[in-house]
Amino acid sequence: MSEATDRPVDDDAWAKACAEDLEAEKARRRAEYGPPTGSAAEELRKLVDAVADKVASLQSPLFGVAAQGAVQQVIKQAKAAVEPVIERNPDVFGHIAAAGSELLAAYRSAVEGQERRWTQGAADPGRASKKAGDPTDPRDDDSGPGEHIDLD
């Protein structure tokens, strides 16, 4: 009997080994980078809570007791309005975040392209070939019609 036939056959040994490796890698990344960010809906909920806590912690003599009570009421209303939307449509916030990232990438690409043209002088092809003070450049020609305008 060979060694391969002496042991029981485990059909899922490869899958188990891969799952163990994946869990070990996830644990290593959590230790190195901290906990992963949640979904866009969870992050929005955290943002609302953080803003509410910050506004609630502001104790200023400029705000009276009535003003602080009004601020607390506005915070409660905002939370009450945001929570149902987050609960019903958690995927929408992921799509909005992805769309925002795409728009930012498109804007960045457009700005970089324009900056490249500005720095290379290619925005005006005629200007790139002419040097400042070039007598053959018609834009530098001061012989055009002009008259003195008296402002008095």
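Modeller: Glu43 and Lys46 both belong to helix α3, where three residues separate them, about one turn of the helix. The model is a predicted one.

Biologist: What makes Glu43 and Lys46 a salt bridge?

Modeller: Their closest N and O atoms are 3.5 Å apart. A salt bridge requires a side-chain nitrogen of Lys or Arg within 4 Å of a carboxyl oxygen of Asp or Glu, so the pair qualifies.

Biologist: Why is Glu43 called partly exposed?

Modeller: Its relative accessible area is 31%. Partly exposed covers the range between the buried limit, under 20%, and the exposed limit, over 50%, so Glu43 falls in the middle class.

Biologist: How do you know that Glu87 and Arg45 form a salt bridge?

Modeller: Their side chains meet at 2.7 Å, N to O, and the cut-off is 4 Å, so the label holds. This pair links distant parts of the chain: Glu87 is in helix α4 (residues 65-88) and Arg45 in helix α3, 42 residues apart.

Biologist: What makes Asp49 and Lys79 a link between distant parts of the chain?

Modeller: Asp49 and Lys79 meet in a salt bridge of 3.4 Å, N to O. Asp49 lies in helix α3 and Lys79 in helix α4, 30 residues apart. Asp49 is partly exposed at 29% relative accessible area, and Lys79 is partly exposed at 29%.

Biologist: Which residues are joined into one network?

Modeller: Glu25, Arg28, Arg29 and Glu32 are joined by salt bridges that share partners. In total, the structure holds seven salt bridges.

Biologist: What makes the nonpolar surface patch, and why can Val51 belong to it?

Modeller: Leu47, Val51 and Val55 make the patch, which is about 230 Å². Val51, in helix α3 (residues 40-57), has 45% relative accessibility and counts as partly exposed. Patch residues need over 30%, so Val51 passes that cut-off.

Technical notes: Residues numbered from 1 in each chain as written. Predicted model: local features only at pLDDT ≥ 70, side-chain atom pairs only at ≥ 80, totals over all residues. Heavy atoms only, no water. Patch = residues over 30% accessible without salt bridge, like charges linked within 9 Å, V, L, I, M, F, W, Y side chains within 5 Å. Areas by Shrake-Rupley, 256 points an atom, 1.4 Å probe, with all protein chains shown as cover. Helix = DSSP H or I, 4+ residues; strand = E, 2+ residues; numbered from the N terminus. Buried < 20%, exposed > 50% of the residue type's maximum accessible area, 1.4 Å probe, protein only.
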